[in-house]
Amino acid sequence: MKKTNLKECFIVRYADDFKIFCRKKKDAEKFFVAAEMWLEERLGLEISQEKSRVVNLKKQYSEFLGFKIRALPKGKTTKDKDKYVVSSFLSEKSKTKVKRELLQQIQYIQKPRNEKDEYLSVNIFNSMVIGMHNYYRMATNVNLDFQDIAFLVNRSLNYRLRERVKTKSELPQNGFVYKQYCKSRQMRYIKGRPLAAVGYVQHKSPMFKKAKINKYTPEGRTLIHKNLTVVDTDILHYLMRNPIANRSIEYNDNRLALYCASQGKCAITKRLLEFGRIHCHHKTAIQDGGTDAYKNLILVDVDVHALIHAVKGNVVREYVEKVKPDYYMRDKINRLRKKLNLETIESYL
């Protein structure tokens, strides 16, 4: 077998975050320098010195996309001593964020303005729990992390909602998702409506995407285009040909990625975005330390963007009339306004 001087590595990437896995420390150190130079010289990007470093996964955890991962010996026998498996948890930052968002949603359930408001608040809480479970269940120890989170959430439910929370419901629970959750003893109900059990989650191994889907073969490119049929290619091509002036390559690249990921819809209203109405909003403003990273951007309609930034009462009321946001939309808009240190839109109505 002919030998090569090429270094073996495995790259895992999502948006602007990536990990390079190597078998040897000296290879990892060379890749680190090479990647840093390539990003700086070719793209004009600087890596984060706090987050970027060489880590021995056999000795300590490394964080990636809200998880912390480590390699542990597969077994104690001689046969398995050189084999390793992944052990993963939610990162501490992710656990804190999950706790904060769920506890905040419980406060909305605690003081509803009317029956409809209560119904929507419960539904949002359930969608948050189910969404968090679906994302973080890739962690091998997700059940341990969510049991810790569930302890605080359940305590808050019992304290804030008191007699409104029941452990049983006389009403039938329709839908596959709720029926699955109802198997848990942690289930709670408000006026017969289920509150998804925060601690009821099990690990599920992530699946590789089909190897056929790639940009290097005619068949692979055909499959990629097939998956993009839900996106208006005319608008996508327009965005590609008309990048925002005075913005970074990262910003304009992520604008395209967001359009494809959202299937051409506004992140707030979920309506299809039209020519001339597509705005890319920074969740944390540049002047407040925000970046052009994918996770700091969101694609919205021009009227929604105006409503997010509006500071005058008459302007807020004008765009509320145009957008006509429901409870869920208002909640998302208010969260974005809070990041800009602006008051909620309700304070102007």
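The second largest pocket is lined by 18 residues. Among them, Y108, D331, N334, T344 and E346 lie nearest its centre. A pocket is an open set of points on a 1 Å grid over the protein atoms alone, with protein on both sides within 12 Å along at least five of seven lines. Lining residues have an atom within 4 Å of a point. The model is predicted: local features need pLDDT of at least 70, side-chain atom pairs count only at pLDDT 80 or more, and totals for chains, interfaces and linings use all residues. Residues are numbered from 1 along each chain as its sequence is written, and side-chain values use heavy atoms, with hydrogens and water left out.

The volume of the second largest pocket is about 410 Å³. A volume is the space filled by probe spheres set on the grid points, which are joined across faces, edges and corners. The elements α2 (92-110), α3 and α11 each give two or more residues to this lining. Helix α11 has the largest share, with 7 residues. By class, the lining holds 3 nonpolar, 5 polar and 10 charged residues. Here Ala, Val, Leu, Ile, Met, Phe, Trp, Tyr, Cys and Pro count as nonpolar; Asp, Glu, Lys and Arg count as charged; the others, Gly among them, count as polar.

Rolling a probe the size of a water molecule over the atoms shows where empty space is left. A cavity is a set of grid points where a 1.4 Å probe fits but cannot get out. The count comes to 1 cavity of 30 Å³ or more. About 30 Å³ of space lies in the largest cavity. Its lining consists of F125, V153, N154, L157, Q186, R188, L195, A196, A197 and V198. Helix α4 (residues 142-161) gives the most to this lining, with 3 residues. The lining divides into 7 nonpolar, 2 polar and 1 charged residue.

Overall, the protein has 11 helices and 10 strands. These are DSSP runs, numbered from the N terminus: helices are H or I with at least four residues, and strands are E with at least two. The C-alpha atoms fill a box of roughly 75 × 55 × 40 Å, taken along the principal axes. Of the 349 residues, 36% count as buried. Buried means under 20% relative accessible area, with a 1.4 Å probe and protein chains only. Contact means heavy atoms within 4.5 Å. Among contacts between residues at least 6 apart in sequence, 56% join residues at least 24 apart.

Helices α3 (residues 115-136) and α11 (residues 327-339) also meet. Their axes come within 10 Å and cross at roughly 65°. Axes are lines fitted to C-alpha atoms, for helices over the stretch in contact, and angles run from 0 to 180 degrees between N-to-C directions. From α3, the residues D117, L120, S121, I124 and M128 meet Y327, Y328 and R335 of α11. This contact has 5 nonpolar, 1 polar and 2 charged residues.

Two residues illustrate burial. V316 lies in helix α10 (residues 313-323). V316 counts as buried because its relative accessible area is 0%. Leaving aside neighbours within four places in sequence, V316 is in contact with L307, A310, I345 and Y348. V316 and L349 are 33 residues apart in sequence, yet 8.1 Å apart in space, C-alpha to C-alpha. D303 lies in helix α9 (residues 302-309). With a relative accessible area of 17%, D303 is buried. Not counting residues up to four places away in sequence, D303 touches R277, Y319, K322 and V323.

Definitions and conventions
Buried means under 20% relative accessible area, exposed over 50%, partly exposed in between (1.4 Å probe, protein chains only).
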